[in-house]
Amino acid sequence: MESVIRCEGGAERLIVDAAMDLVSHGHKVHVFTSHHDRSRCFEETLSGAFPVTVYGDFLPRHIFYRLHAVVFCCHFPDLLLAKHTTTLRRIYRKPIDYIEERTTGMADLIVVNSKFTASTFARTFKYLNDNGIRPPILYPAVNVDQFDEPDATK
C-alpha cells in the first residue's frame, strides 16, 4: 500500500482503515509512503500494528511547481452546480466553465466516484471526452463498522 500519511484526511483515513482491517484478519501489512508526519498522523500509524516506511521524504513535492503528480477525483462538475439562467450569467460563466474543463484535463490522473459521474463527466466535459479522457471509477470506501450499532439519536 502506498500513500502520503501526512495529516488526518479522507484518503489517509482510508489507507489506515484498510491496513488495520487487513491486520485484524491476519494479514501482514507494510505501508510505504513518501511522507509521515508523526506529530499529525492517525494514532494507528504509531501503534505498531503495521510498519510505516518512508522513502523519498527528502525529495521536493514539486520542482518549480512542475514535475509532480496531480490526481483529480471528480464527484460532480462544478459548472453543473452554477446557475446559467440568464444571458448575463451565461456570459459570466463561459470563461469559468472553459477554465474548469481545461484545468481538469491537466491532471495526471482523473477518477470519478460512480458510473453516473462517469457519464456526467463525459456529457459535461465534451472536449476532454472527445480527446479520449474517460476517467476510471474509484468507488468511495465505506467504513461498515459504523453500522454495527444502532443510532441512538433516531
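The following legends describe close-up views of a predicted model.

Local features are reported at pLDDT of at least 70 and side-chain atom pairs at pLDDT 80 or more, while totals for chains, interfaces and linings use all residues. Residues are numbered from 1 along each chain as its sequence is written, and side-chain values use heavy atoms, with hydrogens and water left out.

**Figure 1. Overall secondary structure of the chain.** The chain contains five helices and four strands, where helices (H or I, at least four residues) and strands (E, at least two) are DSSP runs numbered from the N terminus. Along the sequence these elements follow the pattern α-β-β-β-α-α-β-α-α. Of the 154 residues, 27% count as buried; buried means under 20% relative accessible area, exposed over 50%, and partly exposed in between (1.4 Å probe, protein chains only).

**Figure 2. Salt bridge between Asp 17 and Arg 13 in helix α1 (residues 10-24).** The structure holds four salt bridges, each defined as a side-chain nitrogen of Lys or Arg within 4 Å of a carboxyl oxygen of Asp or Glu. In the pair shown, the closest N and O atoms are 2.8 Å apart. Asp 17 and Arg 13 are separated by about one helical turn because they lie four residues apart in helix α1. Asp 17 is partly exposed at 29% relative accessibility, and Arg 13 is partly exposed at 24%.

**Figure 3. Salt bridges of Arg 93 with Asp 78 and Asp 97.** The N to O distance is 3.7 Å for Asp 78 and Arg 93. Asp 78 belongs to helix α2 (residues 78-81) and Arg 93 to helix α3, so this pair ties together parts that are 15 residues apart in sequence. For Asp 97 and Arg 93 the N to O distance is 2.7 Å; both residues lie in helix α3, four residues apart. Arg 93 is buried at 9% relative accessibility, as is Asp 97 at 13%, whereas Asp 78 is partly exposed at 40%.

**Figure 4. Nonpolar surface patch including Phe 116.** Phe 76, Leu 80, Leu 81 and Phe 116 together present about 410 Å² of accessible area, calculated by the Shrake-Rupley method with a 1.4 Å probe, only the protein chains shown counting as cover for residues. Patches consist of residues with over 30% relative accessible area and no salt bridge, like charges being joined within 9 Å and nonpolar side chains (Val, Leu, Ile, Met, Phe, Trp, Tyr) within 5 Å. Phe 116 is located in helix α4 (residues 115-124) and is exposed at 52% relative accessibility.
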